[in-house]
Amino acid sequence: MRAQVEACIEVIRPALQADNGDVELVDVDESSGVVTVRLVGACGTCPVSTQTLKGGIERIMRDRVDGVTEVVNIAEAEAAIDSAV
């Protein structure tokens, strides 16, 4: 599954790079189907990055890779943890 996710990211990456952003694969949890990524560059600070993540990256990945259930941005998860502390 990880290899399929990596291949899918390579298909998505040029569109993100065209806007001076990018995506890095952090983890693939094959048991839950959750893919963890980090949005970087312009995507990391863009106010609509959640829409890019859910409406673009996640939708494409769920269509192309069997077993993917969700794509999460680790930066958002880290921010939620930091604000809870």
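Which strands does α3 lie across, and at about what angle does α3 run to β3? In this predicted model, α3 lies across β1, β2 and β3, running at about 145 degrees to β3. Axes here are lines fitted to C-alpha atoms, for helices over the stretch in contact, and angles run from 0 to 180 degrees between N-to-C directions. Helices (H or I, at least four residues) and strands (E, at least two) are DSSP runs, numbered from the N terminus.

How to read the values:

- Residues are numbered from 1 along each chain as its sequence is written, and side-chain values use heavy atoms, with hydrogens and water left out.
- Local features need pLDDT of at least 70 and side-chain atom pairs count only at pLDDT 80 or more, while totals for chains, interfaces and linings use all residues.

The sheet:

- Three strands form an open sheet in the order β1-β2-β3, with mixed pairing; two strands pair if DSSP finds at least two bridges between them.
- β1 and β3 are the edge strands, each pairing on one side only.
- On average, neighbouring strands of this sheet are turned by 30 degrees against each other, direction ignored.
- α1 packs on the sheet, where α1 touches β1 and β2, and its direction makes about 165 degrees with that of β1.
- The pairing of β1 with β2 is antiparallel, over eight bridges, and that of β2 with β3 is parallel, over four bridges.
- β1 and β2 form a hairpin with four residues between them, and Gly33 in the turn has a positive phi of about 80 degrees.
- Across to β3, Val35 stands opposite Val71 and Val37 stands opposite Asn73.
- In a regular strand the side chains alternate between the two faces of the sheet.
- Strand β3 (residues 70-73) has Val71 and Asn73 on its covered face, and Glu70 and Val72 on the uncovered one.

The core:

- The largest nonpolar core has 17 residues, and Val5, Val23, Val35, Ile57, Met61, Val68 and Val71 have the most contacts inside it.
- Such a core is a set of buried Ala, Val, Leu, Ile, Met, Phe, Trp, Tyr and Cys residues joined through side-chain atoms within 4.5 Å.
- At least two residues of this core come from each of α1 (2-18), β1 (21-29), β2 (34-41) and α3 (49-64), and α1 gives the largest share, five residues.
- Ile57 is in contact (heavy atoms within 4.5 Å) with Ile12, Leu16, Val23, Leu39, Thr52 and Val71, leaving aside its neighbours within four places in sequence.

Helix α3:

- With 16 residues, α3 reaches 21 Å from its first C-alpha to its last, close to the 22 Å expected at 1.5 Å a residue; the expected span is 1.5 Å times one less than the number of residues.
- At Glu58, α3 bends by about 30 degrees, the angle between axes fitted to the seven residues ending there and the seven starting there.
- Ser49, Leu53, Gly56, Ile57, Glu58 and Met61 are buried in α3; buried means under 20% relative accessible area, exposed over 50%, partly exposed in between (1.4 Å probe, protein chains only).

Two residues to look up:

- Thr36 lies in strand β2, is the bridge partner of Asp27, and counts as buried because its relative accessibility is 15%.
- Not counting residues up to four places away in sequence, Thr36 touches Glu24, Leu25, Val26, Asp27, Val72 and Ile74.
- Gly67 sits in the loop between α3 and β3 and is partly exposed, with a relative accessible area of 46%.
- Gly67 and Met1 are 66 residues apart in sequence and 7.9 Å apart in space, C-alpha to C-alpha.
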